[in-house]
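Hi,

Here is the model I promised to pass on to you. Please have a look at it first, and then read my notes below.

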Amino acid sequence: MNEELDAANDPRQMLDLIDTTRREAVRRITGRYAGLLVLWAVAWGVGFAALWLTRGVGGVDLLPTAVGWWIFAAALVIAIVWSAVVGIRAGSDGIRGRSQLQGALYGWSWTIVMVAAWGLISGLQSNGLSQELSQLLYPSLYIFLVGVLYLSGGALWRAVPMYILGGFLIVIAVVGLFFGAPTHFLVYAIAGPVAMLIVAALMYWGPIAPSGAERS
């Protein structure tokens, strides 16, 4: 309390206090989103590995088909729910005004894009898209679109780690297609989590950090 009163009477101390508060906010939000990336890396690795091990879908006849898909769905649902919790908690980190609207619009864009992708592939299936191509296209298209969304989010908020991750995911989605089904499940199970963990490490320990915490 005394430090705040002294800072109010000394412009230099006030600037130091503002800078300290900003850096603490950056550190808090950076740690939160780095942890979220670790969670998604685990969910992604477990989910796609389960599909790779699934009978009739993946490359290894180890898990029943239903079990593999249930594991994949459960891993994604857990990650999605926890992401929503983190997003709600982020609302208490002082993000207000225009930045709050940007965040809301960006969040809704994820829902719009994901639902549209499902509709796109469903439309292709109703017009003769084979099961084999559907199995190849579904995960590749979603990963590609997630990469594009990360790129746009990184550009919007000048968040270098988010932009880097978006680029990684786009490359992974394209490269995985050339391996074909079901090997692409294995590629995604390994390459996706590795990219996320690298970016999480850069966010937390590296020289780059998301600038979203500096928004007002």
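**A proline to start from**

Pro 193 has its place in helix α7, which covers residues 183–204. Bear in mind that this is a predicted model. With a relative accessible area of 10%, Pro 193 is buried, because the cut-off for that class is under 20%. Which residues does Pro 193 contact, leaving aside its neighbours within four places in sequence? They are Ala 41, Trp 44, Gly 45 and Tyr 188. Leu 39 is another residue to look at from here: Pro 193 and Leu 39 are 154 residues apart in sequence, while their C-alpha atoms are 9.4 Å apart in space.

**The aromatic rings**

Two of those contacts of Pro 193, Trp 44 and Tyr 188, also belong to an aromatic cluster, which they form together with Phe 48, Trp 69, Phe 72 and Phe 185. In total, the structure holds 6 aromatic pairs. For Trp 69 and Phe 72, the ring centres are 5.8 Å apart and the planes stand at 90°, so this pair is edge-to-face, the class for angles over 60 degrees. Both residues sit in helix α3 (residues 65–90), and because they are 3 residues apart there, about one helical turn separates them.

**On the surface**

The accessible surface of the protein comes to about 12,400 Å², and carbon and sulfur atoms account for 70% of that. One feature to look at is a nonpolar patch of about 430 Å², made by Val 38, Val 42, Val 46, Val 67, Ile 71 and Leu 197. Two elements, α2 (11–52) and α3, each give two or more residues to this patch. The most come from α2, which supplies 3 residues. Val 67 is in helix α3, and at 35% relative accessibility Val 67 counts as partly exposed.

For charged side chains, a search of the whole structure finds 1 salt bridge. Arg 55 and Asp 61 are the partners, with 2.5 Å from N to O. Arg 55 is partly exposed, with a relative accessible area of 39%, and Asp 61 is exposed, at 56%.

**The whole protein**

How many helices and strands are there? The protein has 7 helices and 0 strands, so the order from the N terminus on reads α-α-α-α-α-α-α. Of the 216 residues, 36% are buried. Among contacts with a separation of 6 or more, 65% are between residues 24 or more positions apart.

The mean pLDDT of the protein is 77, and 70% of the residues score at least 70. Where is confidence lowest, and where is it highest? Helix α1 (residues 2–9) has the lowest mean, 51, and helix α6 (residues 160–179) the highest, 91. Over residues 210–216 the pLDDT is below 50, although this stretch has 20 contacts in the model beyond near neighbours in sequence. Where pLDDT is low, the predicted coordinates should not be read in detail.

Best wishes, and enjoy looking around!

How values were computed: Residues numbered from 1 in each chain as written. Predicted model: local features only at pLDDT ≥ 70, side-chain atom pairs only at ≥ 80, totals over all residues. Heavy atoms only, no water. Phe/Tyr/Trp six-rings, centres within 6.5 Å; stacked < 30°, edge-to-face > 60°. Helix = DSSP H or I, 4+ residues; strand = E, 2+ residues; numbered from the N terminus. Buried < 20%, exposed > 50% of the residue type's maximum accessible area, 1.4 Å probe, protein only. Contact = heavy atoms within 4.5 Å. Areas by Shrake-Rupley, 256 points an atom, 1.4 Å probe, with all protein chains shown as cover. Patch = residues over 30% accessible without salt bridge, like charges linked within 9 Å, V, L, I, M, F, W, Y side chains within 5 Å. Salt bridge = Lys/Arg side-chain N within 4 Å of Asp/Glu carboxyl O. pLDDT = per-residue confidence, 0-100.
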